[in-house]
Amino acid sequence: MHLPGKLLIAGDFNIHMEDPEHPDTKRFKSVLFQHNLTQHVSESTHINHGILDLVLTRNHTTKTDNLDVNDMQIVQTVTSSDHFFIGFRCTFPSERCHDHILISARRLKSIDIISFKNDLIDSDLSDPSKYIDANNAMDTYNRVLTQTLEKHAPLKDFRIKPDQDPWMNTECQKARSVRRKAERDNKRL
């Protein structure tokens, strides 16, 4: 699932990007590719000439996710750090997109757990004769779980604003209110 919005990740990853044959570098590049991310640092960021500090953004997939990294400068500092300072500019479009985005999700919290368990118990998962071989067992497992999940929490389409956090639900809002009240009470002490 791809959540909308701009993404910028920067920091000391301690992965030697200058060594493309290193196993950690290969695995990390694979993760970047899988998640459609771009790594922007191409010069040494460490006194021992490694590229350990990285700046990551999404590849330019949509206009609302677009984040350009420009004017990158890597400067050795006079601090005690063995890492260099990385400076860069990011450009953000000034206009806000007011279109809604359609996402599909399930209301998992609304599942009646007892009914869900009973449906699984009454399913082909409880029939050993369905497990002729590993492939058949996996097919049965996937089919039954998908059908049961679809019955109890079908996929529904939701419209969200691009700048709306999809994880911010009523439970999060209540927890935030409780936290703010506790902060106010604490200030009075």
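Trainee: What joins E1 to E3, and how do they run?
Mentor: In this predicted model, 5 bridges join E1 to E3, and the two strands run antiparallel.

Trainee: How do you know that E1 and E3 count as paired?
Mentor: Two strands pair if there are at least two bridges between them. E1 and E3 have 5 bridges, so they count as a pair. For one example, Ala10 has Val55 in E3 as its bridge partner.

Trainee: What makes strands E1 and E2 the edge strands?
Mentor: The sheet is an open one of 3 strands in the order E1-E3-E2, with antiparallel pairing. Strand E1 (8–12) and strand E2 (37–39) each pair on one side only, and that makes them the edges. From one strand to the next, the twist averages 20 degrees.

Trainee: Let's look at Thr57. Why is Thr57 called buried?
Mentor: Buried means under 20% relative accessible area. Thr57 has 1% relative accessibility, so Thr57 counts as buried. This residue lies in strand E3 (residues 53–58).

Trainee: What makes the link between Thr57 and His40 a polar contact?
Mentor: Such a contact needs a pair of N or O atoms within 3.5 Å, one able to donate a hydrogen and the other to accept it. The side chains of Thr57 and His40 are joined at 2.6 Å, so the distance meets that cut-off. Leaving aside residues up to four places away in sequence, Thr57 also touches others, including Leu8, Leu37 and Val69.

Trainee: How many aromatic pairs does the structure hold?
Mentor: The structure holds 1 aromatic pair. Its members are Phe13 and Phe28.

Trainee: Why is the pair of Phe13 and Phe28 called tilted?
Mentor: Ring centres must lie within 6.5 Å to pair; planes under 30 degrees apart count as stacked, and over 60 as edge-to-face. Here the centres are 5.5 Å apart and the planes stand at 55 degrees, so the pair is tilted.

Trainee: Which parts does the pair tie together?
Mentor: Phe13 sits in the loop between E1 and helix H1 (23–34), while Phe28 is in helix H1, so the pair ties together parts 15 residues apart in sequence.

Key:
Residues are numbered from 1 along each chain as its sequence is written. This is a predicted model: local features need pLDDT of at least 70, side-chain atom pairs count only at pLDDT 80 or more; totals for chains, interfaces and linings use all residues. Side-chain values use heavy atoms; hydrogens and water are left out. Helices (H or I, at least four residues) and strands (E, at least two) are DSSP runs, numbered from the N terminus. Buried means under 20% relative accessible area, exposed over 50%, partly exposed in between (1.4 Å probe, protein chains only). Contact means heavy atoms within 4.5 Å. Axes are lines fitted to C-alpha atoms, for helices over the stretch in contact, and angles run from 0 to 180 degrees between N-to-C directions. Rings of Phe, Tyr and Trp (its six-membered ring) pair if their centres lie within 6.5 Å; planes under 30 degrees apart count as stacked, over 60 as edge-to-face and the rest as tilted.
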